[in-house]
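Subject: Structure handover

Hello,

Please find the structure below. My notes on what was found in it follow.

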Amino acid sequence: MTPTQTGKEGDRVQPDLEEQYDKIYRYCYYRLKDAHLAEDLTQETFLRCLESDSYADAEQPLAFLYTVARNLCVDEFRKKKPQELPEGLQGEATEERLVGEITLRMALEELTDRERELVLLRYVNEVPAAALAKLYGVSRFSLYRETKGILKKLERRISDERP
């Protein structure tokens with residue numbers, strides 16, 4: 001029996017909370033760009049989920065977890081004024097890598113908030129398509145079309161910037 005399963009046959013498989021902790025942290029950090037705040041909101045997300053009767057009854061516990069994290073990030077974002085990105089980059093990088101990072105950053109900035117969030121959840125945090133479809137209230141096919149369109153948009157933007 002895996003750590004994500006319950007003891008009774010036929011019970012729903014629950015996500016391994018320890019496994020999801022880093023992904024929720026990355027999600028919060030990406031949204032807020034503040035490590036300490038992301039850590040606090042990640043902890044708050046899990047506390048709220050574990051204390052919630054709705055979490056235990058949720059058909060898609062992973063989608064429920066991301067919904068709570070998203071709501072906490074939105075609440076926090078509303079409290080703060082936007083901050084500018086730091087001018088200097090940390091660490092050493094080759095010119096090619098630096099150009100690539102800047103190009104990717106610029107391409108991501110041209111996406112809508114929803115598009116950036118989908119890229120983060122699907123491709124960085126590797127959230128299953130079924131959980132994302134439930135989170136956004138769309139079919140998996142619709143989600144698939146949307147993510148493919150986002151990737152094409154990024155690809156076009158990045159290829160336009162290459163010499």
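To begin with one cysteine: is C73 buried or exposed? C73 is buried, because its relative accessibility is 2%. Here buried means under 20% relative accessible area, exposed means over 50%, and partly exposed lies in between, with a 1.4 Å probe and protein chains only.

Before the rest, two notes on the basis. This is a predicted model, in which local features need pLDDT of at least 70 and side-chain atom pairs count only at pLDDT 80 or more, while totals for chains, interfaces and linings use all residues. Residues are numbered from 1 along each chain as its sequence is written, and side-chain values use heavy atoms, with hydrogens and water left out.

Cysteines

The count of disulfides is zero, a disulfide being a pair of cysteine sulfur atoms within 2.5 Å. For C73, the closest cysteine sulfur is that of C28, at 3.6 Å, which is too far for a bond. C49 is also a buried residue, because its relative accessibility is 1%.

The chain as a whole

The chain has eight helices and zero strands. Helices (H or I, at least four residues) and strands (E, at least two) are DSSP runs, numbered from the N terminus. Of the 163 residues, 31% count as buried. Taking contacts between residues at least 6 apart in sequence, 62% join residues at least 24 apart; contact means heavy atoms within 4.5 Å.

Helix α7 and its partners

Helix α7 covers residues 129-136 and helix α6 covers residues 113-124. Their axes come within 11 Å and cross at roughly 150 degrees. Axes are lines fitted to C-alpha atoms, for helices over the stretch in contact, and angles run from 0 to 180 degrees between N-to-C directions. α6 and α7 are therefore roughly antiparallel. The classes are: under 35 degrees roughly parallel, over 145 roughly antiparallel, 65 to 115 roughly perpendicular, and the rest oblique.

On the α6 side the contact involves R114, E117, L118, L121 and R122, and on the α7 side A129, L132, L135 and Y136. Of these residues six are nonpolar, none is polar and three are charged. Ala, Val, Leu, Ile, Met, Phe, Trp, Tyr, Cys and Pro count as nonpolar, Asp, Glu, Lys and Arg as charged, and the others, Gly among them, as polar.

Helix α4 (residues 61-79) also meets α7: the two axes come within 8 Å and cross at roughly 50 degrees. α4 and α7 are therefore oblique to each other, and their crossing is right-handed. L62, A63, Y66, T67 and R70 of α4 make this contact with A131, K134, L135 and Y136 of α7.

Within α7, the residues A131, L132, A133, L135 and Y136 are buried. Just after α7, G137 has a positive phi of about 70 degrees.

Y136

Y136 lies in α7 and is buried because its relative accessible area is 13%. Apart from its neighbours within four places in sequence, Y136 is in contact with R70, R114, E117, L118 and L121. Y136 and T67 are 69 residues apart in sequence, and their C-alpha atoms are 9.2 Å apart.

Regards

Terms used:
Left-handed = near helix turned anticlockwise from the far one by under 90°.
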